[in-house]
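Please walk me through this protein, step by step. I am new to it and would like to know where to look.

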Amino acid sequence: MLRRLACKQLFRRPVTTGLLLLSIALAVGISVFIATLHQGLQQGLTLATEPFSLLVSSPGSQHQLVLNTVFLQDHPLPNLPFSEVTKLQEQKKLVKSAVPLAFGDSYKGYRIVGASADIFAMRSSPKAPLWLSPAAGRTFEKPFEAVIGSAVAKNLKLKPGDQFVSTHGLLPKSKHAHADHPFTVVGVLKDVKGPYDQAILTPIESIWELHEHKDAAKPKLAPAAARVSTDHSNEVSAILVEPVGYSEAYQLASRYQSRKDAQLVFPAQVIVQFFNLMGRGEKMWRPVGAFLLLLSLVIVSVTSYLSTLTRMQEYAVIRALGASDRQIALLWLWQDTFLVLGGTILGGLLGTGVCGLVSHAVGTSTAVTMPVTLTLPTILMLAAVCVIGIIVSWGPMVLWLRRKVDAVEL
């Protein structure tokens, strides 16, 4: 009975009730958005980086190297000679595999990645499934065969057997097309929930032949797997290295510390640095979110008190009908409980909804998958908001009852 009456009184003033719900929802939604976005971005970047244990490249920005090689963004660093790949492959006690990578071309905005066939044997961990494996067709075997990511196949409607012509550079509408060297799609990769869903993989020899000088003698192209370890006349953008173990990885790193012509990078460490930088921004937003939550609680208290003053006549009628102070207090409590719970739930939905839109936008542009889930700290925060909001709402009720008692004594 009291709950039904409390709802009716709230709906009698839709503007006041709506504004109060909106103020609570916005304050809670911003805090939920910040917490969920930070968690989702961290998980997405970590998932994308897992297959990349070590990267070797020419000296330059480590962040640029990771952005280009792992996330297929930005421009590649200057090239390394292919002999660097051979040196790594010869260190059997330290290196399990060394995959050369070459960048520079694209098709309709999607990066073409030149690599050796060893890239299809890479795993993010020893017990994990293969990182890149075909869902349809097969892996490449000879130059100008292409294995495309799931997002490329979906967005460009490509399938095994289709052909396309690449363009030099990264612009979708570049005029420098390699019309004399069409690519043939031979496979479509399974969804890896990462940037390489938007990659076009091809033998590294394809990239070399596209960019060789016209006056240079064209070498005879043998199968990719056979020639990668013997042809030293070409260059690579980076080398994806899978070490034998953790200690071997740090042994390799120590060998590159004194070199000025090459660098070795741990992509995971670069991501940690990014998180540390992002954490500073999060520390700045946490007080803002706390202030907004506190402000919403103050708004709940003040609005509840003022709305009670406007409902004095209603309470007087209810009291005249035989309602006790306890029943009026419960009626008040039910109203504030509906407001706080409704505003908190609406704010949680609003925060996760906006985060979902951001996640979709990031996934569309970079293929980085950002999980949108309410973590335990976020759920505890929402519960705390509800409890504190309901407790704070008792303040105006106590003041109103005290004023009533004082009036009776007078």
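How many helices and strands are there in the protein? The protein has 13 helices and 13 strands. Keep in mind that this is a predicted model.

Start with the whole chain. The protein has 410 residues, and buried residues make up 46% of them. Its accessible surface comes to about 21,000 Å². Carbon and sulfur atoms account for 64% of that surface. Now look at the contacts between residues at least 6 apart in sequence. Of these, 78% join residues at least 24 apart.

Next, go inside. The largest nonpolar core has 38 residues. Which of them touch the most other members? They are Leu-88, Phe-164, Ile-200 and Ile-239. Take Ile-200 as an example. Another core lies apart from the largest one. This other core has 37 residues, among them Ala-48, Val-66, Leu-101 and Val-265.

Move on to helix α6, which spans residues 204-211. Seven of its eight residues are buried, so the helix is largely enclosed by the rest of the structure. The buried ones are Ile-204, Glu-205, Ser-206, Ile-207, Trp-208, Glu-209 and Leu-210.

Now find Glu-84. It lies in helix α4, residues 83-90. Is Glu-84 buried or exposed? Its relative accessibility is 4%, so Glu-84 counts as buried, the cut-off for buried being under 20%. What does its side chain join? A polar contact of 2.8 Å links the side chains of Glu-84 and Arg-259. Setting aside residues up to four places away in sequence, Glu-84 touches Val-56, Ile-239, Tyr-256 and Arg-259. One of these, Ile-239, is also among the residues that touch the most other members of the largest nonpolar core.

Finish with Pro-195. This residue sits in a loop, between β9 (183-189) and β10 (200-203). Pro-195 has a relative accessible area of 3%, so it is buried. Its contacts, not counting residues up to four places away in sequence, are Ala-48, Val-70, Phe-71, Leu-72, Thr-366, Ala-367 and Val-368. Ala-48 also belongs to the core of 37 residues. Last, compare sequence with space. Pro-195 and Ser-365 are 170 residues apart in sequence. From C-alpha to C-alpha, Pro-195 and Ser-365 are 9.3 Å apart.

Technical notes:
Residues numbered from 1 in each chain as written. Predicted model: local features only at pLDDT ≥ 70, side-chain atom pairs only at ≥ 80, totals over all residues. Heavy atoms only, no water. Helix = DSSP H or I, 4+ residues; strand = E, 2+ residues; numbered from the N terminus. Buried < 20%, exposed > 50% of the residue type's maximum accessible area, 1.4 Å probe, protein only. Polar contact = N/O pair within 3.5 Å; in protein donor to acceptor, adjacent residues only side chain to side chain. Contact = heavy atoms within 4.5 Å. Core = buried A, V, L, I, M, F, W, Y, C linked by side-chain atoms within 4.5 Å. Areas by Shrake-Rupley, 256 points an atom, 1.4 Å probe, with all protein chains shown as cover.
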